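Here is a walk through one predicted model.

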Amino acid sequence: MLPLDSMLKNLNLSGVKQHLLEVEQQAITQSWSYQTFLSKLCEIELARRFQHRVLNWRKESQLNPAKSLSNLKLEEYPQAVAQTIRQLQEDKDWVDSSTNILLFGPSGVGKSHIANALGLNLIDQGVRVKSLSAINLVQQLQTAKKDLELMRFMTKLDKYRVMIIDDIGYVQKTEGETQVLFEFIAHRYESGSLIITSNHPFSQWDSIFPNNLMTVAAVDRVIHHSKIISIEGESYRKKQAAH
């Protein structure tokens, strides 16, 4: 029979291996049953794996760890906006229902910070998130389409229950760019949540898509299941710089 340490290593139970003697002593002292002893070791191992998964998901998400909810000054936003953000933070049912979050407002009001912070919060709750600028996403979609791999690439992104598309208004109004963006939005429809930030309200999305029919179809899919957060007022960045 292999030594216990070797078996735990082969089974990748490093949490159990690390805390075995400590938990064993506690079990002896408190007269635990075998089931309680095993349950405690499993609990430690599951916690270790969850923490490891969260660290990996944070790295792959491309989110900025410095832009979290803890340093987002919600008191500087209108009450309705702050309340909506708190609700999204506390309850992730909107992810389970594939609801989209749409953040509108002029440059500097904190849309990207809010999107980033919500993404980090979701990862800490066990939700896989990916964040890309709209331009970066479109470039990757175009490359995949050129290589005849568009559907495969979009399906690969399905592993992320939430996709953040930052600054969608900066996508250039060309047939190649907007077509793949529309195909991506259609692909995600009712199958995964999008968090989209935009300087342009829906009434100006004609500047993104080449014709009105595509604009209407894209907007229809985005807003069907959505929460819209419209932010007006002074630049959040300017107010933070002044403090």
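**Pockets, cavity and a helix pair**

The second largest pocket holds about 160 Å³ of space. A pocket is an open set of points on a 1 Å grid over the protein atoms alone, with protein on both sides within 12 Å along at least five of seven lines. Volume is the space filled by probe spheres set on the points, which are joined across faces, edges and corners. Lining residues, with an atom within 4 Å of a point, include Q62, N64, K67, H113, N116 and D166. Helix α6 (111-124) and strand β3 (162-166) each give two or more residues. α6 gives the most, with four. The lining divides into three nonpolar, six polar and two charged residues.

In a cavity, a 1.4 Å probe fits but cannot get out. The whole structure has one cavity of 30 Å³ or more. The largest cavity has a volume of about 60 Å³. R188, Y189, E190, R221 and H225 are among its lining residues. α9 (175-188) and α10 (212-223) each give two or more residues to that lining.

Turn to the helices, which are DSSP runs (H or I, at least four residues; strands are E, at least two), numbered from the N terminus. α2 (residues 14-29) and α3 (residues 34-61) pack at about 145 degrees, axes 9 Å apart. Axes are lines fitted to C-alpha atoms over the stretch in contact; angles run from 0 to 180 degrees between N-to-C directions. Contact means heavy atoms within 4.5 Å. In α2, L20 and V23 are among the residues that meet α3, whose side includes F37 and I44.

Residues are numbered from 1 along each chain as its sequence is written. In this predicted model, local features need pLDDT of at least 70, side-chain atom pairs count only at pLDDT 80 or more, totals for chains, interfaces and linings use all residues, and side-chain values use heavy atoms, with hydrogens and water left out.

Key
Ala, Val, Leu, Ile, Met, Phe, Trp, Tyr, Cys and Pro count as nonpolar, Asp, Glu, Lys and Arg as charged, and the others, Gly among them, as polar.
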